[in-house]
Structure formats: structure tokens, C-alpha cells
Amino acid sequence: MTGAAGRRRRAAGWSLAARYLLLLAVLALTVGPFLWQLSTSLKGPGEDIYRFPPSLLPHHPTLANYAEVARVIPVWDFALNSLKVAAANVLTNCAGAALAGYALARLRFRGRRVAVVVFIMAMLVPVESIMIAQFMTLRQLQLHNTLLGVVLPGCIGAMNVLLMRNAFAALPYEVEEAAFVDGASAWQRFVRIALPSVKGTLAVVAVFAFMGAWDDFLWPLIVLNDQSKFTLTVGLNYLHGTFADNQRLVAAGSVIAVLPLIVLFAGLQRYFFRGVGEGAVKG
Amino acid sequence: MRRHSRRTPAATAALAASALLLSACGAPDGGGDSDSAAGKVEGQVTFQTWNLKARFQKYFDGVIAEFEKKYPGTKVKWIDQPAEGYPQKLSADAAAGTLPDVVNVSPDLAYPLAKAGLALDIGAAAGKYRGEYLDGAWRSQQMPGLSGVYAFPWYLNTGPMFYNKDLFRKAGLDPAKPPTTYDRLFADALTMARKSDRRIAMLAGAPSIEDFGRYGVRLMDARGTEFTFNEPKGVELLTHYRQLYAAGALDAQALTAVAESAGRKFQQQSVAMNPGSALDLENFKRDAPGLYENIGITDAVNNTGKANMYVQGLMVSADSKVKPAAVAFAHFVTDRRHQMAFAKQVAVFPSTKGSLDDPYFTKEDGTDATRVRVAAAKSLKTAVNYTPVVLSDQMKTVLRNAVARALQGKQSPQEALDSAVAECNRLLKTG
């Protein structure tokens, strides 16, 4: 082994170590707060949860905080409502955005470019500025205080349509031309050829739609009145007491709220990372 | 895309408020109708509270059952809103005409509704009840520029100052003599920062409007048309805070602190003094036992001799279809007996006359919780709500930003307050 090669290997070793160190630091930054929440939610009464440096291992581990959350608020009903809203949002967004995206990318019709521009412009309007108008529309439709009213305004997101459009536009044209020659209709080309090729982006849209609906707070708060219809984010807010906060309950509540997102992401991550690169590299 | 909607709560509030005002322009003025509360008490009353269901379901179920029994033919539908986003929820409901019949509001929330003609004038509709409430509580529901009272006074809250005796001792301060005036507070804070080598801050937060009030700054002119907290006294207070911030006597995150984060800092024992209420004692015991052993309790620091109080009220919607029943129910919930019962549930204080003379609020039994309660009840008799009702959320943000600029040294305290007053006055005029 020559000296130069050894030096190079050593230099590579250092840079590898530095890289891992950096990755670990970022991991600590992103996961740390969540671990603190998780450990707080498991700590029994009398334990100092504000100690510095924080102790992540509970001394008297207990699940009582989770039971207490379920006692204070009907957390499972809230979760079920959230699940309904999120599932509906995923379905409408995947179906709607795929249809609209395919039309914008592949079908030729008058005003196609204008339609794309309109979609981009729509994304520039802050949701907050039209929220009251949306609410008044819903009231006219007699849909306030219903879960349908919560789903409706976000059921097809402009961002998702653009994502799908770009994914479809990146597919090679020749494949569809071949199908066209074989006599496939637009509908058949969409279902048989195009859709199976963009599974990754569909997964991205699904995760975004799920997260968007699951995490949303202000809109469901404004639309819903009855506690029996509240979604999880709105309902969990009850854990912030008017007069005193119990950090353990808040922590347990947020762990309950985050779990489905983690499960969903873990289930879809294979597609997810494929999807992020899909529109960019292929073509 | 709904997931962006939590990005700008302040902007939301502003937009929601403007939408409310726009939509209210055409609304008929139903506020001054004096005979509206007369008539038979019947029908379904919708009653909205602010984050009380999770803890006090039993109490309210009892009150409602009692009311329905006393007035056959009435039915009360109780809804409860979570802590966050309440102003937005109210303005959306106001804009769409879906306000509940009886609504739990604080005066600053009631003001835009009253101005838009959506709140019933209780003074005209139910003035006969005035004598039942503490004068200060009744008057705190009056709105500048409007004649009338727009909510029944409900529970009051105030609290002492908690301090960490251990940190006082370590800084060489006498743990038996906590500061009670602002001058002492500033001097002790500087000592604390110096002795602890800037590691322990005396206070967690930058001054808020209540601090200006307690310091003795005149916040508004007598008619409530212009803000005046940029007068020399206000500048003096801000200059002091600027020294504290530079010396490390304010927490490093003071500029963005809110009540919750300040409370956390105090429990982490990196801040030596923090305002709180009797309920916090329980929290300290449970969450920060190390702090609980060293907890000290003293009156809130002030120069005026008057503590600050927070007031809640029950507003009746001017568009209510069941006004007689709504007024009767709002009065029923806020009458002496029910307020007293509520105060025994949780550490709040009744706003009805004579209630604070009850032995429950005057007799000590040796426990800390009782001591805090008795002291708070005593201070309530002269307490004032320093926060002007016309000070909207948006104006509070304006003030907070100005204070932050001054503390960071980007502007002199005078300049910062001048610009904040100018901006708040502009908002007041256009609002």
C-alpha cells in the first residue's frame, strides 16, 4: 500500500465520520423534541419533567396519562372523525388530482395553458383570506357543522393537480402513442398506461392529503360546532386547560395524534421516495 | 391546500376581523332594543363556553338541568369551544350569522361584536340586575364609544407572583423580601443576573400592556379614543426593561415569550419570578417537585396599588330568536349562587356583590392554596382590568413588536412607543 493511498483512505474515513456526525446532529434536532414528548407522556406524577438536562427515561413509567386523555375527552371519537375526513381527503385528492393532472398534461383542448396558469394562481391566494367567504358559502349550502363541509374546500388541492400533471408530462409520449395505435381510448390510456407509471407521485399526493387533513386546525374549528363532530386536532385542544395545563396529558395527546402519520409514512415510504424523484429525473 | 392554514394566525385574526366588519356593515342595529328581553322564557337556548367542558362538564350539566326545571318549556344546548382560535371562530360565526344565543366572551372579544350591533345591550334589556354585580365588573363590560353594557359579568381571575426562594438565596437576595415595586424589581433583577453570571433571569417575558398599566402608565385618554402609552412614564418603563435585557436579567427568549413558555421557564428554574394563579401550585407539586419546595408567593408587582384582573362575561346575541330565555339563562349562570359554586370548582372569583366576603375567600386554613386564594380575593376588591377593551389582538402584536425593537436596541424606547401608538391609533380609527 502506498502512502498516498493510505492518506486518501484516512481522509475518506474522516469525511465519512464528519458526515455521520452531521447526520446524527440533524437526527437529534428533528427527533429530540418528539422523544421528549414521548417520554413526558410516559412519566408518572411527581417526576420532574422540566429538569435540565432532561432525562428521557421515565423513572416511574406509566400509561395512566393515555387513559386520562381518554377520560377527559372522547379521544377515540375525535380520532375516528379525523380518520373519516383524512380518508375522504386522500380519496378525493388522489382521484381528482390524477384526472385533472392527466387532462392538463396529455389531452389537447382549448384553454389548456390558461387552465394551468389558473391552477398556479390559485395556489398564491392565502387560505386565510378566503376562509370567511368559504364559511358563508358552506352555510348557504347548509353544510356547516358537518364533516362534509370540512372536507369539501380541500378535496382537490391545486398543488396536487400540478404534481400529477408534472408526473404525467414526464412519461415518454411514445408509449401512449403505441397504445393509441393499438386502439386504446383516452380513458384506457389513462387507467392502463399512465396511472400505473406514477404510483410514486400518487403516494406523495396521498401522504400530503392525509397530513393536510389530519393536521388542519382552523378550518374544522370554524365549520364544526358539536363536540361529537370534532376532529382530533380541534378536540385535543381541550387538553390545554383554561386554568392550568397538564403537560403530560398534552404530550400523550400529541403522541396519539402523530402515530397515524408515522404509520402511514412507514407504509408508503417505498413509494414515497420514488415519487419525490419521479418528476425530476425521468423523461 | 389546507395544510398551510396554521401558518399565520395573526394575519388570520386580522383578516377575520375585517371580514366581520365588512359583513356587519349591512346588519341592522339590534343592540338597543329595550323590550326584547321581555316576554315568555321558552325555547331552545344555545350556550357557548370557552374551553370549560373537559373539566367542568358536571357543574354545567347541573346548572342547565336546574334552569330547564325552573323554566319548563326551555331547553339549553351547550357547546364548548377549544382554547385556541376562539376569536376567529367568533368572527366567522358573526359574519355568517350563526352566533349562539349566549356566548362566553372577554371584553376585548365582545367589543367588535358590540360595535357591529351583534351583542344585546344588557344595560337596556336587563338593567334591573345591575345591583347584583360588583361595580367594577359591571363597568368593565362597558365599551368605549358605545352606550350600554354588552355582557353579564362572569368570573374574574387574578393571581399572585410566584418566586423561587432558592434562586433568590443563591443570588444573595433575601428570600423573605421579594420585590413589590418596580424599582425594587429592577434592582433585584440586575443583582440576580450579575451574581448568576447571566444564567438566571428574573423575568421570563418582555413587558405587556398589563405591565404598562401596573407601572402606572396612562394607556388611553379619558374618552378612549387615543392611546397614550408613549408618555414619559411608558418610555421610562421600557428603558428599564431595555437595561434588564442587556444585562441578561430578562430571559434570552423574552421577546417571543407567551404565558405558557414563561411558565415552563419558571418550572425549569431558569427564571426566578413569574405571575400565576392558585392552580399553578398543584402543577408545581406534580411537574416540578424541586421547585415546589422552594416556592415563594407574593403580591403582583405594581406601582398603582391596584392588581390586574381578567374578566369573563356572558353576551347575548342581538339576533337571538329566544331573547327572553337567553337573557334569563345568562343571568341564571352569572347569579350569585351559581358563581359561588363555580368558584369552588376551580380557582376563579365571582363577580357578584358580596360574594368575596364569603368565609371561603376570607378565612385562611394554613394551606398555601387557601393563602393564595384569600390574598387574591382581597386584591380583587380594588383590582382593575388594565387591558383596554379596544386593544385588539393585532394591536397587541404591534406593541409586542415595538417592545422587541426597543429591547434589541434597534430603536430607542421613545421611537418604538411613538410608532406603536401611531399604528394602534390608526388601527383604532380604521377598525
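Author: Two strands pair if DSSP finds at least two bridges between them. Please keep in mind that this is a predicted model.

Reader: Understood. Which residue is the bridge partner of B:Phe162 in β6(B)?

Author: The partner of B:Phe162 is B:Asn274, which lies in β6(B).

Reader: And over how many bridges do β5 and β6(B) pair?

Author: Strand β5 of chain B, residues 161–164, pairs with β6(B) over three bridges, in the antiparallel sense.

Reader: What is the strand order of the open sheet in chain B?

Author: The order is β6-β5-β7, three strands with antiparallel pairing. At the edges are β6 (273–275) and β7 (295–298) of chain B, each of which pairs on one side only. From one strand to the next, the twist averages 25 degrees.

Reader: Turning to the contact between chains A and B, how many residues does each give?

Author: Chain B contributes 46 residues to the contact and chain A contributes 43.

Reader: Which element gives the most on the chain B side?

Author: That is α12(B), with six residues on the side that touches chain A. Among the other elements giving two or more residues to that side of chain B are α1 (9–24), α2 (53–70) and β2 (74–81).

Reader: How do the residues of that side of chain B divide by type?

Author: They divide into 19 nonpolar, 13 polar and 14 charged residues.

Reader: Now the largest nonpolar core. Which of its residues touch the most other members?

Author: They are B:Ala110, B:Met315 and B:Phe329, in a core of 188 residues. Helix α10 of chain A, residues 199–215, gives the most to this core, with 11 residues.

Reader: What does B:Phe329 touch, leaving aside residues up to four places away in sequence?

Author: B:Phe329 touches B:Val45, B:Phe47, B:Phe67, B:Val76 and B:Val102. As background, nonpolar side chains tend to be buried together in soluble globular proteins.

Reader: Last topic: what does the domain assignment give for chain A?

Author: The assignment gives domain 1, residues 1–62, and domain 2, residues 64–281. Taken over C-alpha atoms, the centres of these two domains of chain A are separated by 33 Å.

Key
Residues numbered from 1 in each chain as written. Chains lettered and ligands numbered in written order. Predicted model: local features only at pLDDT ≥ 70, side-chain atom pairs only at ≥ 80, totals over all residues. Domains from an automatic or database assignment. Contact = placed C-beta atoms within 7 Å. Helix = DSSP H or I, 4+ residues; strand = E, 2+ residues; numbered from the N terminus. Nonpolar A, V, L, I, M, F, W, Y, C, P; charged D, E, K, R; others polar. Core = buried A, V, L, I, M, F, W, Y, C linked by C-beta atoms within 7 Å. Buried ≥ 20, exposed ≤ 12 C-beta atoms within 10 Å, placed from the backbone. Axes fitted to C-alpha atoms, helices over the stretch in contact; angles between N-to-C directions.
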